[in-house]
Amino acid sequence: MVVINTCDYNQTKAATKAVASYDGPVYLRFGRPVMPIFTPADQKFEIGKAWMVNEGKDVTIVATGHMVWEAIK
């Protein structure tokens, strides 16, 4: 089963479209906290692909859902 945990409104909208055309079971999880909208409105959501916010050399931070905003801060 594919589990998707979106981080804001725009990503949830894009993920919903991706889920509709996906062949197989999918669980789309999203929380209720009020979060800023910080992803592009025209993004393409690809199941199985990560979204890299910043590229660096020292550390890798991985987050999902509303914790993405906390990780960016």
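All views show a predicted model.

**View 1. Helix α1 and its buried residues.** Helix α1 spans residues 9–20 and thus comprises 12 residues. From its first C-alpha to its last the helix reaches 17 Å, close to the 16 Å expected at 1.5 Å a residue. Asn-10, Gln-11, Thr-12, Ala-14, Ala-15 and Ala-18 of α1 are buried.

**View 2. The N-terminal end of α1 is capped by Asp-8.** A side-chain oxygen of Asp-8 is placed 3.3 Å from the backbone nitrogen of Asn-10. Asn-10 is also one of the buried residues of the helix.

**View 3. A nonpolar surface patch includes Tyr-27.** Met-1, Val-3 and Tyr-27 make up this patch, which has an area of about 360 Å². Tyr-27 belongs to strand β2. The relative accessible area of Tyr-27 is 40%, so this residue counts as partly exposed.

**View 4. Lys-73 and Glu-70 form a salt bridge.** The closest N and O atoms of the pair are 3.5 Å apart. A search of the whole structure finds 1 salt bridge. Lys-73 is exposed, with a relative accessible area of 64%, whereas Glu-70, at 38%, is partly exposed. The two partners fall into separate classes because exposed residues have over 50% relative accessible area.

How values were computed: Residues numbered from 1 in each chain as written. Predicted model: local features only at pLDDT ≥ 70, side-chain atom pairs only at ≥ 80, totals over all residues. Heavy atoms only, no water. Helix = DSSP H or I, 4+ residues; strand = E, 2+ residues; numbered from the N terminus. Expected span 1.5 Å × (residues − 1). Buried < 20%, exposed > 50% of the residue type's maximum accessible area, 1.4 Å probe, protein only. Polar contact = N/O pair within 3.5 Å; in protein donor to acceptor, adjacent residues only side chain to side chain. Patch = residues over 30% accessible without salt bridge, like charges linked within 9 Å, V, L, I, M, F, W, Y side chains within 5 Å. Areas by Shrake-Rupley, 256 points an atom, 1.4 Å probe, with all protein chains shown as cover. Salt bridge = Lys/Arg side-chain N within 4 Å of Asp/Glu carboxyl O.
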